Amino acid sequence: MAKSKGIVKIEGSIDDLTFFQKNGKHFVRRKGGVSAARIANDANFVRTRENNSEFTGCAGAGKLLRLALGNLIFKAKDSQMTARLHQTMARIKNLDTISTRGNRNVAMGIATDAGKMELEGFDFNAYAPLKNVLFSPFSLDKTTGEVSIASLIPEEQLLYPQGATHVSFQASVLALDFETGNSELVSSATANIPLDMTQQAISLVPPAVTSSTGVTLFLLLISFYQEVNGAQYSLKNEDYAALQVIGVD
């Protein structure tokens, strides 16, 4: 690697030379690395090909889940959600003890109890984990998808943003087959209540799903609103809106 001492300092590539800056100094080096053709065909790179194949599979599984959740995911997510989800999918893939190396996949891993546990508890918004937003016990009936909060005092048992006047709860059930890509998402009616000291009982019952293959994910969404002149406006505050996979079956 050589230093660049020319009058004009540039960054980027020209022919087979790459110019770059590091620690305030300018350097130039010849382009290197292994060609894609060699990685694809050379026997010495068989492990690399296997890793790349499984990496691509995990990325596809994460994308499949994100797309299956539709608009739900845009209500509560952080900027690193895709990367965090990919890491989760990679751990699930590692639980595939049947497929050969290079062919291990999320569909096989999620079929195990340990694979389901990896996804259960995943918060799509790392800034607002469910446990840091809701401080009241809740229950999940996996047979019906019903999420119940027997006794909630909103003002005391929720962490909410300044200016919020109301909170909304919604339960969803996602049937997702990571092998075929088929999915079905259903959601309960939204329970919208004032942020006050009134004790509430919340019951969220999604419609039944008809899909029977793959796994079933149960999700709980909590979001906050501000009422102005009788109309409610969503507070797009990433530190508070929560969406979590509360169960996997």
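Author: Quick ground rule before we start: two strands pair if DSSP finds at least two bridges between them, a strand being a DSSP run of E with at least two residues, numbered from the N terminus. This is a predicted model, with local features needing pLDDT of at least 70, side-chain atom pairs counting only at pLDDT 80 or more, and totals for chains, interfaces and linings using all residues. Residues are numbered from 1 along each chain as its sequence is written, and side-chain values use heavy atoms, leaving out hydrogens and water.

Reader: Okay, strand 11: how many of its 14 residues are buried?

Author: Strand 11 spans residues 215–228 and is mostly covered. Taking buried as under 20% relative accessible area with a 1.4 Å probe, protein chains only, the count for strand 11 is ten.

Reader: Over how many bridges does strand 7 pair with strand 11?

Author: Strand 7 covers residues 166–176 and runs antiparallel to strand 11. Histidine 166 sits opposite tyrosine 225 of strand 11. The bridges between strand 7 and strand 11 number eleven.

Reader: Which residue in strand 12 is the bridge partner of tyrosine 225?

Author: Strand 12 (residues 231–234) pairs antiparallel with strand 11 over four bridges. Tyrosine 225 belongs to strand 11, and its partner in strand 12 is serine 234.

Reader: What's the phi of asparagine 229?

Author: Strand 11 and strand 12 make a hairpin with two residues between them. Asparagine 229 lies in that turn, and its phi is positive, at about 55°.

Notes. Buried means under 20% relative accessible area, exposed over 50%, partly exposed in between (1.4 Å probe, protein chains only).
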